[in-house]
Amino acid sequence: MIRARDGRILFLIKALVALLFLSKISLGSFLLPVPYSFSFLIFQQGMHPFVNVFLCFLLGLPLGLLWLKVRDRHHLSGFYKLFVFALILTMTVQTLLQISFVNTEESPVMQVGALAVSLFMVLIYGMIIPSLWDVKDFMYFVQRWSGVLVLISLVLWVVAGGAVFKGGRFVGVFKHIPHMVTCATVAFVFSLGTLLEDQKMKHKVFSALVLAGSFLAIILTGTRSSAAAAVMAFIVTMVLHKTETNQGRIFKFASLSVLLTFALFFGSQVYDFARGVATGQNALGTREAQDGIASRWEEVERGSQIFLQQPWLGHGLLSKFASGNEVDVSNYNAMKDPHNIFVSAGVIGGWPLIVLAGISLILMVVGSFKALVSFDISKRQVAIYLLSHIPILVIYHIHLSLGGMADRLYWMVFGFIAASVSRTGK
């Protein structure tokens, strides 16, 4: 019998998780003479999307075959497995109907290929990895990878600041701003967990450096929602953490005391500043001031118009990459990807996918709150990460992974929450 801790399984899991970071790194940030693009190997001075997908299949297929032979897996929530099955069935039917009635002039092979890639990654990252890997190992591994990349980004900011900014916003070693935001946010939230759980001082020093550096990186990106998520995660972590040592009690008391004192003296100024950032009167970091409420509403209106063109079938997984009737999966078109999970779901898969998006949010909220009561710090911290991101998910696009960074990370978090709340989970 193959056990879940088999060395081959752990290697494949860690390689797949490392890949979600490596696939979004831009070597141009390291001031290396790398071409912007080259054939199907290099794109935006980093790994080409096709290489990313190929490596996911190369590593994911043997992991899936080994998974079939494992008997001591972590059990996932039945509701979660039913949801994933409904998602697979819905997207399969919708894609076949889109090929026949909506995207008749686009390549059926590309559309079926996009469906296969999306569902394969959902299964690998959302079900197989969480059922084989320990949540504590997941938290530490992701914290180390994200933490090192954040610290390298900040070092590059000091020695070559112009190379790590794009459009006035901090991208660090990554290709785009969302990658830096995702990396910094997960580093911040998971570092809170490693600080509270790890008893070795050398690891605590690293976690403390990552905690401070990742919050600075979030501010430098000028991403308001992620800054709010980080603050929310910090407060919830401090409130829920049960201390058993004097050192832990001192840390918790000092953290909450500083936060309370700051709120008493500067609370009104912070509120006024935060409201100004949301309404476009103030800027966060180096990002230009922007009325977030008005801009989001414009995206909802634009996305609703696209949705109403095909309200029952949707436009497909490749709609945000399509330009006319030609599809280039390496070319992202933000105008076709409304930043609202329900409108985005409607654009991709019509009303059926909107219903599933609503169900998924309910499952996320229920699962997060259930996992929050766990005495296991790792499980609780993963739940805090998801809970702090639920408002972001509502105003972001639907995450049906085609090899994105945040997509795969979210699906792993969904899976670990499902394993944490399962009554038969190990």
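**Terms and cut-offs in a predicted model**

Tutor: Searching the whole structure turns up 1 salt bridge. The model is predicted, so local features need pLDDT of at least 70 and side-chain atom pairs count only at pLDDT 80 or more, whereas totals for chains, interfaces and linings use all residues. Residues are numbered from 1 along each chain as its sequence is written, and side-chain values use heavy atoms, with hydrogens and water left out.

Student: What makes the pair D6 and R8 a salt bridge?

Tutor: The term requires a side-chain nitrogen of Lys or Arg within 4 Å of a carboxyl oxygen of Asp or Glu. In D6 and R8 the closest N and O atoms are 3.2 Å apart, so the pair meets the definition.

Student: Why does R8 count as partly exposed?

Tutor: Buried means under 20% relative accessible area, exposed means over 50%, and partly exposed is in between (1.4 Å probe, protein chains only). R8 has 48% relative accessibility, so R8 is partly exposed.

Student: Is L31 buried or exposed, and how do you know?

Tutor: L31 is exposed, because its relative accessibility is 57%. L31 sits in the loop between helix 1 and strand 1 (37-38), and its phi is positive, near 60 degrees.

Student: Where do helix 1 and helix 2 stand relative to each other?

Tutor: Helices (H or I, at least four residues) and strands (E, at least two) are DSSP runs, numbered from the N terminus. The axes of helix 1 (residues 7-22) and helix 2 (residues 49-69) come within 10 Å and cross at roughly 155 degrees. Helix 1 is therefore roughly antiparallel to helix 2, since angles over 145 degrees count as such. These axes are lines fitted to C-alpha atoms over the stretch in contact, with angles from 0 to 180 degrees between N-to-C directions.

Student: Which residues form the contact of helix 1 with helix 2?

Tutor: With contact meaning heavy atoms within 4.5 Å, residues including I9, L12 and L16 of helix 1 meet residues of helix 2, among them L55, L59 and L63. The contact residues divide into 12 nonpolar, 2 polar and 1 charged. Ala, Val, Leu, Ile, Met, Phe, Trp, Tyr, Cys and Pro count as nonpolar, Asp, Glu, Lys and Arg as charged, and the others, Gly among them, as polar.

How values were computed. Parallel < 35°, antiparallel > 145°, perpendicular 65-115°, else oblique.
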